[in-house]
Amino acid sequence: ILQVSVVPGGRWNRFKTYSTIQRTLEIWGSVFAFIFKVWLNNQKFTYRGGMTEEKRVMRRKVLAKWLKESILRLGPTFIKIGQQFSTRVDILPKEYVDQLSELQDQVPPFPSETAVSTIEEELGASVNEIFERFDVEPLAAASLGQVHRACLNGQEVVLKVQRPGLKELFDIDLKNLRVIAEYLQKVDPKSDGAKRDWVAIYDECANVLYQEIDYTKEAFNAEKFAENFKNMDYVKVPEIYWEYTTPQVLTMEYVPGIKINRIQQIDKLGLDRKRLGRYAVESYLEQILSHGFFHADP
């Protein structure tokens, strides 16, 4: 399990209690601090005994760790964008990619009462009327929502409930990120030969973020994925309960699983790792080469 050296979640958790100006200052405070640290790392006088590539790499590692922690404090918008950049070795140095790849959804859950009120508002009835059992304690928490387990008509289900105020938070954050992208477009020398279009990268990230806060899109994608794999018996896709799904609440069949990198747990179950590996590769090739429609989270 990846650990972070700061408690994730900053003032964004109390987003509705502070102003657009405060949020903007918080973002730009982190941006200018990062720019200053990058500038300092490139100054020869700051290196005792002279500047070497080895020392610069060490400094980049320290700064990359600081950037990851700052992103965690800034919250959902920046965590999601950090995750997208964590695969872009064509844009960022290896030290940054290594740190950003550790950006898991390590954010604290929001109050269960808020989750319950969101569910009841979206579904138009109390959780006790809809479900035979509803677990108030979340099963897991992520940057955009959290998951609660429940029992619906005798079936075990999970409800993915969106964090409140995300669209408003995105509206503020993305306006600031647009300015940052336009600045990077002007100052990036592209001396490494890469043709980076920072504004196009921003547009793609913004589009993906707004799509992610409409859970009905995720539900449609799940059903399309299930249809694509209906003849492959080793691929299981949770059933979507449309009657209890809205843009902010997604209800689906509960399907427990083990991450493919949890080797000890897999071995305890006596599963054939080579066969699992083959299934993983085959299913991904099928998604990419046959369907042109793939799941982005392995």
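**Entry 1: β2 and β3**

I looked up Ala 141 and found Gln 146 of β3 standing opposite. This is a predicted model, and I read it as such. Ala 141 belongs to strand β2, residues 140–141, which pairs with β3 in the antiparallel sense over two bridges. I find three residues between β2 and β3, and the two strands form a hairpin.

**Entry 2: other partners of β3**

I then checked β1, residues 133–134. Two bridges join β1 to β3, and the strands run antiparallel. I noted Cys 151 in β3 as the bridge partner of Arg 133.

Next I took β4, residues 155–162. I find eight bridges between β3 and β4, again an antiparallel pairing. Ala 150 has Val 157 in β4 as its bridge partner. The β3–β4 hairpin has two residues between its strands. In that turn I noted Asn 153, with a positive phi of about 50 degrees.

Is β3 mostly covered or uncovered? I find it mostly covered: six of its eight residues, within 145–152, are buried.

**Entry 3: the second largest pocket**

I turned to the second largest pocket, with about 1500 Å³ of space. I find 48 residues in its lining. Phe 34, Val 38, Leu 92, Leu 184 and Trp 198 lie nearest the centre.

Which helix gives the most to this lining? It is α1, with ten residues. I also see α2, α3, α4, α7 and α8, each supplying at least two.

By class, I have 34 nonpolar, six polar and eight charged residues in the lining. Domain 1 (13–105) and domain 2 (110–255) each contribute at least three residues to the lining.

Definitions and conventions: Residues are numbered from 1 along each chain as its sequence is written. This is a predicted model: local features need pLDDT of at least 70, side-chain atom pairs count only at pLDDT 80 or more; totals for chains, interfaces and linings use all residues. Side-chain values use heavy atoms; hydrogens and water are left out. On a 1 Å grid over the protein atoms alone, a cavity is a set of points where a 1.4 Å probe fits but cannot get out, and a pocket is an open set with protein on both sides within 12 Å along at least five of seven lines; lining residues have an atom within 4 Å of a point. Grid points are joined across faces, edges and corners, and a volume is the space filled by probe spheres set on the points. Helices (H or I, at least four residues) and strands (E, at least two) are DSSP runs, numbered from the N terminus. Ala, Val, Leu, Ile, Met, Phe, Trp, Tyr, Cys and Pro count as nonpolar, Asp, Glu, Lys and Arg as charged, and the others, Gly among them, as polar. Domain bounds come from an automatic or database domain assignment. Buried means under 20% relative accessible area, exposed over 50%, partly exposed in between (1.4 Å probe, protein chains only). Two strands pair if DSSP finds at least two bridges between them.
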